[in-house]
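Subject: Structure handover

Hello,

Here is the structure I promised to pass on. My notes follow below it.

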Amino acid sequence: MGLAPTGIWADSPAEPFVGRQLPDGRYLIVEDRATEEVADTWDLAALSRGGGLWAVSEIDGPGYAYLSRWHDGEQQCEVLSDGGEWVQQGALPAEFDPEVQQLRDEEDDGEDVHAADLILSIAKELTDYVCGDVLDERHYELLAPVAQAAALQQFRLAVTEALSVRGFAPMEPNNSRASLWFAAATGLTGVQVALELTMDFNLPAGVRFGWAAQLLSQPVTELFRTLPRTAAPLDWSSLVMPIDELFTGLPRSIVIDDPDRIAEGVGQFVEFVDGPVADWLAERTTLTELVAAARQPQRRSYGMHISPRLLQSAAALCVLEYCDELASDLMAWFLADYEFRNDQDRDRAEEFDRALRDRFPSYDAARAEQRTDFAPFLAVLPRIANAHLGSWSRSDLDPLFEAVGWPIAISEGRLFREDLVARLNGYAVRASLHASRTEDYMDADRWGFGKYWRLTLRQSLSWRVMPEAYAAALRSCVELLGPPPVVGGPHAQAIWRGANVTYTLSTRGGGLNFSATPTEAVEGLEYWEWKWGDDWNPPESWRVTTGAEGVRFGTQDWWVPERRAETWSMLDDYITALFPSLAGDLALLAPYATRVVWGFRVAEDPGTFIRGWFSDESAGLDIHLPGAEPFVRAYPPAFESGRRIAAETTAALRKFGVESPTDLEMVALAPSGTQKLDTIRLGFTG
């Protein structure tokens, strides 16, 4: 075949040719992206002389599969499926006769058959391989044409030698790509710098090598694995994820199509290590420097933005190294000042901060000591509520920003964003007034947006003063706007929907948050995104119409159904998002929402049910399962109580004896006075 081993291993056949020694002594060769059938690509008669082989081809999609057996230069059997029909010459091993006969009987009866599936099933039994097979260990060796393999071996040895004098040693690959990895220690405890050399064989000649640099931390990875999955960055996986990556713009690479170019390739790679990588590492020698780097926007394909993964990883490292004040200051800045790319990033950052507080008492103490003065927020809130925002232009907003008097800057958001931001920064006080620029996708002309679409006042506060601070802010809003017509969660939202402007007070961002948005424009865009988008989700998990006396504002006149909870994992996601909010937010929102009761049951079995309640004073759970003693518990009104109730509930639902949530009945209501539970996201009202 003209192929030779390269000494480079992978856990899946992602490159043109890979090989694997099977336990019984046979050798498996896979061509991952073949352009022709195996019998047209290789001289199977010649390859089988003096031995035997099985040859298999598969075309994704059309239902074509081919299998043949050769021994000592002669074909002994051939089976193929073209258009779904079974075509066979010669005999397969007798053990497969029953399956083949069953398929032929189904064909004779006029039934639709899947001959290709049977061929591939037989092929798997014979070759110990199925298309796209991924192994737990890297047991596929890359194969290449003899000359290419020799050059690759030379290059690998030369790179290994050049890097060894710089403190790098080969390491286990950190992904499934065909690549070479090298690692070295850094000045940061538990952090190493990793270099990856990727290989592309899809060239007329030679191999294209690309390279990249990352910071890896096993302790950070282990910490994230133990946290709730919603506390990890959005792009985190169970692998040793890089906490930081060197981004140099266009990919760096070289094509080695001649042994004489090996020295040139090694030289270019070493220049990368001695230049950009060394400069990058020089700015990350201490935790303080890593934290400073985490605060800086990173250049990515979508523009300049803070990397949540780097920032949360830096905070995690600080906590693991007992630098709690450094971690606390970083997370407070992140949650208060940063304009997140999406709500999921913000929600995960808040959950991460909460998880660190639960896990590490010293970090919790550091966060509690920070920022207890909420007077700046209360001073600016009336200015926003009384401001005339007009067409949401810069000239409409300038008087407000001038009256607030905080230093003004253009934010460092994405390249095409020019948000207007005023900040009050200090260790004791951190607050901001942020006008978000209308983005291109929002189609300003269609929906009526001005130059800006949201005005947000934020202040980062210690969680210890949040109940007092929120109560003061809510009282101020009621004095200015009247009682809130709608409240809900997550983040203790109190909402005043006006004809022109909608105001929302919440705890989003690890502190106080008061926002103003143009009502018709935002609701029109949200309705369109729900109606025609594939992945738009409503921002609330529950809402109560308060019916409070003296309400001056209205409520949203359309409602978005949630996606139906068709699987247990979907229902788990709904419950784990909803219950902590109800447990923690009702205490803040009282007296405008004070109690929600809920329950699940099986219609055919009235003795099997789960019911519970959340209120501003307590929470409770009552579980009745077949053959078990009733489980009855009361809990204090706190976020952690909601998490415990969610865990008990999701575990108990699995014991109801039904196949899926669609077999359950759910009830929920707000039984207090004029309050009405308008929305509760549990996947039963879609």
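Helices here are DSSP runs of H or I with at least four residues, numbered from the N terminus. Please keep in mind that this is a predicted model.

**Salt bridges**

Helix α19 covers residues 639–653. R644 and E640 sit 4 residues apart in that helix, so about one helical turn separates them. The two form a salt bridge, with the closest N and O atoms 3.7 Å apart. The cut-off for such a pair is 4 Å. R644 is partly exposed at 49% relative accessibility. E640 is partly exposed too, at 32%. This pair belongs to a network: salt bridges with shared partners join E351, R354, D358, E640, R643 and R644.

Helix α14 holds another such pair. D398 and R394 both lie in it, 4 residues apart, or about one turn of the helix. Their side chains meet in a salt bridge at 2.7 Å, N to O. D398 has a relative accessible area of 23%, which makes it partly exposed. R394 is partly exposed as well, at 32%.

One more pair is R26 and D24. Their closest N and O atoms are 2.9 Å apart, and they form a salt bridge. R26 counts as partly exposed, at 35% relative accessibility. D24 counts as exposed, at 51%. How many salt bridges does the count give? It comes to 25.

**Cysteines**

How many disulfides are there? The count is 0. Take C318 and C323. The closest cysteine sulfur to that of C318 is in C323, at 5.7 Å. A disulfide needs the two sulfur atoms within 2.5 Å, so this pair is too far apart for a bond. Is C318 buried or exposed? C318 is buried, with a relative accessible area of 0%. C323, at 29%, counts as partly exposed.

**Backbone points to check**

Two cis peptide bonds come up here. One runs from G489 to P490, with omega near 10°. P490 lies in the loop between β21 (486–489) and β22 (493–497). The other runs from A590 to P591, also with omega near 10°. P591 is in the loop between α18 (568–589) and β26 (595–602).

Then come positive phi values in residues other than glycine. D72 has phi near 50°. D72 lies in the loop between β5 (64–71) and β6 (74–82). At 47% relative accessibility, D72 counts as partly exposed. W392 has phi near 60°. The loop between α13 (375–386) and α14 (394–404) contains W392. Is W392 buried or exposed? Its relative accessibility is 5%; buried means under 20%, so W392 counts as buried.

**Surface patches**

Which residues gather in a patch of negative charge on the surface? They are D105, D108, D109, E111 and D112. D108 lies in helix α3, residues 97–108. D108 is exposed, with a relative accessible area of 65%.

There is a nonpolar surface patch as well. M1, Y27, I29 and L47 form it, with about 340 Å² of accessible area together. M1 is found in the segment before β1 (3–10). Its relative accessible area is 40%, so M1 is partly exposed.

**One distance**

E264 lies in helix α7, residues 262–282. At 38% relative accessibility, E264 counts as partly exposed. E264 and I254 are 10 residues apart in sequence. In space, their C-alpha atoms are 8.9 Å apart.

Best regards

How values were computed
Residues are numbered from 1 along each chain as its sequence is written. This is a predicted model: local features need pLDDT of at least 70, side-chain atom pairs count only at pLDDT 80 or more; totals for chains, interfaces and linings use all residues. Side-chain values use heavy atoms; hydrogens and water are left out. Buried means under 20% relative accessible area, exposed over 50%, partly exposed in between (1.4 Å probe, protein chains only). Helices (H or I, at least four residues) and strands (E, at least two) are DSSP runs, numbered from the N terminus. Patches are made of residues with over 30% relative accessible area and no salt bridge: like charges are joined within 9 Å, nonpolar side chains (Val, Leu, Ile, Met, Phe, Trp, Tyr) within 5 Å. Accessible areas come from the Shrake-Rupley method with a 1.4 Å probe; for residues, only the protein chains shown count as cover. Lys and Arg count as positive and Asp and Glu as negative; His and the chain ends are not counted. The place of a charge is taken as NZ of Lys, CZ of Arg, CG of Asp or CD of Glu.
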